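Subject: A structure for you to explore

Hi there,

Here is the structure I promised to send over. Have a look at it first, and then read on for what turned up in it.

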Amino acid sequence: MQIAHYIPLFPFLAFVINIFFGRRLKIVSAYVAITASIVSFLFSLRVFECFKAGEASYSLGTWLTIGGKPLNFGIIIDPLTIMMLLIVTFIGTFILIYSIGYMHDDPRFSRYFAYISLFMSSMLGLVLADNFVLLLIFWEGVGLCSYLLIAFWYERPAAARAGLKAFITTRIGDTGFLVGMLLLFFTCGTFHFTDLKSLTGPEPILTLAAILIFTGAMGKSAQFPLHVWLPDAMEGPTAVSALIHAATMVAAGVYLVARCFPLFVDHPMALQTVAVIGGISALMAASIATVNNDIKRVLAYSTISQLGLMMLGLGVGGLSAGTFHLMTHAFFKALLFLCAGSVIHAVGTQDIQKMGGLLSKMKITGVTFCIGTLALAGVPPFAGFWSKDEILLTAWNNHHPVLFVVALLTSFLTAFYMSRLIILVLFGKARSELHAHESPLTMTVPLIVLSFFAAFAGFIGSPLKEAAEGAQGSFVIMAISTVVSLTGLALAYLLYIRRVVLVPVASIQGLHNLLVNKYYIDEIYDAYLIKPCLAFCRGAFSFDAKIVDGVVNGTAEVVQFCSGLLRRTQTGLIQNYLLVQVFSVVLLLIWLLKI
Amino acid sequence: MIPLAYFTFLSAFLFCVGIYGALTRRNVIGILISIELILNAANINLVAFNKYLGTPDGMGQVFGLFVIAIAAAASVVGLVLIIAIYRDRKSLFTDGFTLMKE
């Protein structure tokens, strides 16, 4: 049964209903969105079953003919797509349920559900597309929804700015993606993913195309140096951060690299670029997260770091490792964001220095938060352990010792900052007046379900079967990774519960400043890219206003001035005209008679 | 016999007086009279040349009669226009008549 192409249609229908009738539907708009999401989930399950029964990709017919070659309206069905379909619809459903509680008194309640539905529709279309052109359309669709939802509370200037920042930063990556895609088309004449396995063309150009396509992934997945938008994107509602900026949309970049994996494998330099960029992002973001005091921003940097780890996994040649981590990360990071949302909902602040001791007041949120933390920190047997171990193992087996150490260091920092986060939020004494209370059922039920998956998703494996089997590979690596994670936990325990001073504060003040200021990357961009760019734009604007408009207006003014002079002759007095006539005749006579 | 030059000089003089009047008079009736002078200057020429060139059938004289008749008709039309303008503007002076400008 070819039903996969119906999957994105249900959320789109929900979007249409909510955007046009949302104001009258009120709370019902949430039910519309949730129903659509559940139906899509059931369809995705059915597609999974059909796939196991041997169904393959199919095409709905030719969409366009470009350069004499047909471009199909094709649907791709393989383990990667099915995994993404299930993640998006499953996590999406629970985040929608959570949103009922989280957004309950928002004036744009139904608008919110409309946008989320549109996002899910685009995301599902993105993972089903079998060629670059179709993928790009949905790719921009999710980018648009991301912008709309980051700037959802656009009355706040910070939110409006963050939305713009996200849109423009990802657009830089998208430009690279578009150029890479066209380069590939003009070199090899194909847009279809299935043709990537057998490309023939000049090596440097294909490498360049692969790297440019990766630029798009860098923008979407917030990889260094295009990572700056993701922390600011936390201005949006927390449920949006959970769905779009943790579990699904930011994983689209990783998905793209995984989808084009044959291309990258054939060109080692491109693959190396992916791994190095991933490594830099992973380590850099993790180190920033250790000093940040905003509960959501810590998680945002953690997301950048984990996405970097996925890229690293793909870059060292581990397709299944990277995508497996994508899946487990989607569960526990969505969970962590929802927990953070629940905490923010209860205490009304995002500053973790003002929280503390919340575990006793919010039992469900607290416990699920701890489960998410252990999963992210990579403590066995939680989900994050298995997938992270897989990445470490691949890096080691494929002889990338430096990247192996980077990944190990990242997981140490991850364990440390996550422990710091929950210690400051959940344990100890409250450091300010907090009137915390447990969140309503619509919010806690998704937490419980997701925490179940955060704990056990590592065992069920993924549609990529070999991922789970490979995890049993090396006992030594497992042991090392466990020790590293536990060391991170222990360090956080010593520093933040026992309050042990390990090194003099003054000696690390410089490093601390560097981290608090996020390596000054925003400032550097501002000084060396944004300011010159704005200066150039102002110059171009004044050139337009003064020179281009000046020429046009000047022409008009000269004409007007000359006509003003000529206008004087038009007195309207008949005698003047007669006078001119007489003089003219006299002159004519003089000329004719040659006097 | 009076030489032809006398007639042509008279005619030219009348024509110039007429042109001068038409160009300088502020009063519309004055302009109309000046135009009559111009026409009559032409008439004098017609009649004089008819006589001196000895055209047998008196073509020039007949033509002069035509001009007088048509000039009368033209004056009628002119006077009617002047009355219409006067009713509208309550004035006979051309300074205010700048409708062609607007």
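How far does helix 3 (residues 59–89) of chain B reach from its first C-alpha to its last? The answer is 44 Å for its 31 residues, close to the 45 Å expected at 1.5 Å a residue. Please keep in mind as you read that this is a predicted model.

**Chain B**

Let me stay with that helix for a moment. Helix 3 of chain B is hardly covered, with a count of one buried residue among its 31 residues.

The rest of chain B is quickly described. Chain B holds three helices and zero strands, so to read its elements from the N terminus on, you go α-α-α. Of its 102 residues, 10% count as buried. The radius of gyration of chain B is 17 Å, whereas a compact globule of 102 residues would have one near 13 Å. Along the principal axes, the C-alpha atoms of chain B fill a box of roughly 50 × 25 × 20 Å. If you take the contacts in chain B with a separation of 6 or more, 49% of them join residues 24 or more positions apart.

**Where the chains meet**

The contact between the two chains takes nine residues from chain A and nine residues from chain B. On the side of chain B that touches chain A, five of the residues are nonpolar, two are polar and two are charged.

**Chain A as a whole**

Chain A has 23 helices and two strands. Its C-alpha atoms fill a box of roughly 120 × 60 × 55 Å, again taken along the principal axes. Chain A has 595 residues, and buried ones make up 51% of them. Among the contacts in chain A with a separation of 6 or more, residues 24 or more positions apart account for 82%.

What about the inside? In soluble globular proteins, nonpolar side chains tend to be buried together. Here, the largest nonpolar core has 195 residues, and the members that touch the most others are V254(A), V257(A), A334(A), A407(A) and A454(A). Helix 14 (residues 319–347) of chain A gives this core its largest share, 18 residues.

Leaving aside its neighbours within four places in sequence, its contacts include A217(A), S221(A), L307(A) and M310(A). M311(A), L314(A), G322(A) and L326(A) are also in contact with V254(A).

**A helix and a hairpin in chain A**

Next, look at helix 2 (residues 28–52) of chain A. Its 25 residues should span 36 Å at 1.5 Å a residue, and this agrees with its end C-alpha atoms, which are 36 Å apart. Among the buried residues of helix 2 of chain A are A30(A), V32(A), I34(A), F41(A), F43(A) and V47(A). Which helices do the buried residues of helix 2 of chain A pack against? They pack against helix 1 (9–25), helix 3 (79–102) and helix 4 (109–128) of chain A. After helix 2 of chain A comes G54(A), with a positive phi near 105°.

Strand 1 (residues 58–66) of chain A lies largely in the open, because the number buried among its nine residues is zero. Strand 1 of chain A pairs with strand 2 (residues 69–75) of chain A in the antiparallel sense, over six bridges. In strand 2 of chain A, K69(A) stands opposite I66(A). The hairpin of these strands has two residues between them, and there G67(A) takes a positive phi near 55°.

Is E523(A) buried or exposed? E523(A) is exposed, because 11 other C-beta atoms lie within 10 Å and a residue counts as exposed at 12 or fewer. E523(A) is found in helix 22 (residues 521–569) of chain A. Its C-alpha atom is separated by 36 Å from that of S121(A), which is 402 residues apart from E523(A) along the chain.

Q272(A) sits in helix 12 (residues 268–289) of chain A. With 16 other C-beta atoms within 10 Å, Q272(A) is partly exposed. Q272(A) and D544(A) are 272 residues apart in sequence, and 44 Å apart in space from C-alpha to C-alpha.

Best wishes

Definitions and conventions
Residues are numbered from 1 along each chain as its sequence is written. Chains are lettered from A and ligands numbered from 1 in the order in which they are written. This is a predicted model: local features need pLDDT of at least 70, side-chain atom pairs count only at pLDDT 80 or more; totals for chains, interfaces and linings use all residues. Two residues are in contact if their C-beta atoms, placed from the backbone, lie within 7 Å. Ala, Val, Leu, Ile, Met, Phe, Trp, Tyr, Cys and Pro count as nonpolar, Asp, Glu, Lys and Arg as charged, and the others, Gly among them, as polar. A nonpolar core is a set of buried Ala, Val, Leu, Ile, Met, Phe, Trp, Tyr and Cys residues joined through C-beta atoms within 7 Å. A residue is buried if 20 or more other C-beta atoms lie within 10 Å of its own, exposed if 12 or fewer, and partly exposed in between; C-beta atoms are placed from the backbone. Helices (H or I, at least four residues) and strands (E, at least two) are DSSP runs, numbered from the N terminus. The expected span of a helix is 1.5 Å times one less than its number of residues. The radius of gyration is taken over C-alpha atoms; the globule rule is 2.2 Å times the number of residues to the power 0.38. Two strands pair if DSSP finds at least two bridges between them.
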